[in-house]
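Hi everyone, thanks for making time.

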Amino acid sequence: MSTDVTTNAQDATAVDDRAARTAEVRRFAYRMRHDVLNMGEEQGQGYVGQALGAADMLAAVYANRLRYRADDPHWDGRDRFLLSTGHYAIGLYAALAEAGIVPLEELATYGSDDSRLPMSGMATYTPGMEISGGSLGHGLPIAVGLALGLRHRGSTSRVYNFLSDGELNEGSTWEAAMGAVHHQLGHLTALVDINALQADGPTAGVLSIEPIHDKWAAFGWHVQRVDGNDVDAVVAALDVADAAAPAPQGQPSVILCDTKVGCGVPLLENREKAHFMRIDEHEWQICREQLAENAPEGVQA
Ligand SMILES: Cc1ncc(C[n+]2csc(CCOP(=O)(O)OP(=O)(O)O)c2C)c(N)n1
Ligand SMILES: [Mg+2]
C-alpha cells in the first residue's frame, strides 16, 4: 500500500484543518523524541540535543507537508527533503521511521557496524536520505541544483533544505541563496535550525549571524522567523511559505526557527557541551520519564 501524504498549498489553506494537522505533528514529534532517546542509548552519546531540538521542525514537514510514498522512497513525484547537517541524522531517522520509510525496529541498529543508519547521514545507506551531508554548507547549493533540474523536467515537486545556524557561516550557503533568487526557485523552502549553538560554542561567539532576518530578505527571500518548538507556529509558517510561492517560479522561502537544544527533556536542555552529548547510563530512563510528563493528547506516554 502506498502512503501518499499530499498536502499542497491550495488544499492546506482552503480547508481549515490546521488544528488537526498540528495535533498530529505534536504526536509525531513526541514519538520521534522517544525514538531519539532510544537510539542515543544504543551509543550512550551523540547528537541527541540537536535531534530533540529540531523534532518539531522535522515533524511539521514529515507529518504535515511532504509528499512521499513510504513503500517507494525513490518515487519520482516525491518532494525532496535535503538534510545538510549530516550529524542531525539521528533526528531524521526518527522522522523516517515514524513516516514508515524506515522500519521502526531498525532504529535499534543506529550507529552499529553494517547498519543502514550510520551516525552521519549517508544517501547510499538509508532509504529517504536524499544527500550525504557531513560536509556542512552543501545542502542549499544541492537544493538549488535539484530545484532547477526538477523545474526543467516539468515536475511539481517541492524541495526542502534543512540547515543549521552553523551553516550560515559558510560562504557556499550564501552563494546558493543568491542563486535561488536569481533563478526564482519558488518551489524551494529552506528551514534553518537556529539553536544558537555550534561545535566550538555559541553561534553568537563563533561568528554572529544577526541580523539574520534582514540578511535573507536582502538576498531576496521570503522570510519568516518563528519559535521552532512552537508546533502551531512552524505549521503555520510552512503553510505561508507554500502559499507565498505555490509554483516552481517565484520567490524562495526561508523559515528561521529558533529552537532549544534538548527540547522536551529538561535534564538535557541546559547541559554544558551540548553539541555532542555524553549521557550516563542511569540518565536515559530519567530522560524518557521527563519527556512523558509532557506527552501530547492522544499518545501513550
Ligand atoms: C565544511 C565543514 N566545516 C566544519 C565542519 C565541522 N563541524 C561539524 S559540526 C560543526 C558545527 C556546525 O554548526 P551547527 O550545525 O549549528 O552545530 P550544532 O547546532 O549541531 O551544535 C562543525 C563546525 C564540518 N562538518 N564541515
Ligand atoms: Mg547550531
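One term before we start: a polar contact here is a pair of N or O atoms within 3.5 Å, and within protein one of them must be able to donate a hydrogen and the other to accept it. Please also keep in mind that this is a predicted model.

Let's begin with aspartate 242. You'll find aspartate 242 in helix 9, which covers residues 231-244. Is aspartate 242 buried or exposed? Its relative accessible area is 1%, and because the cut-off for buried is under 20%, aspartate 242 counts as buried.

So what does its side chain touch? There is a polar contact with the side chain of arginine 158, at 3.0 Å. The side chain of arginine 65 also makes a polar contact with the aspartate 242 side chain, this one at 2.8 Å.

Now, over to ligand 1. How many residues surround ligand 1? The count is 15, and the closest are His87, Ser164, Asp165, Asn195 and His275. By type, that shell splits into nine polar, four nonpolar and two charged residues.

Let's look at some individual atoms. In the side chain of histidine 275, an N or O atom sits 2.6 Å from an oxygen atom of ligand 1. Serine 164 has a polar side-chain atom 2.7 Å from an oxygen atom of the ligand. With leucine 136 it is the backbone that takes part: one of its polar backbone atoms is 3.1 Å from a nitrogen atom of ligand 1.

Note on methods
Residues numbered from 1 in each chain as written. Chains lettered and ligands numbered in written order. Predicted model: local features only at pLDDT ≥ 70, side-chain atom pairs only at ≥ 80, totals over all residues. Heavy atoms only, no water. Helix = DSSP H or I, 4+ residues; strand = E, 2+ residues; numbered from the N terminus. Buried < 20%, exposed > 50% of the residue type's maximum accessible area, 1.4 Å probe, protein only. Near = heavy atom within 4 Å. Nonpolar A, V, L, I, M, F, W, Y, C, P; charged D, E, K, R; others polar.
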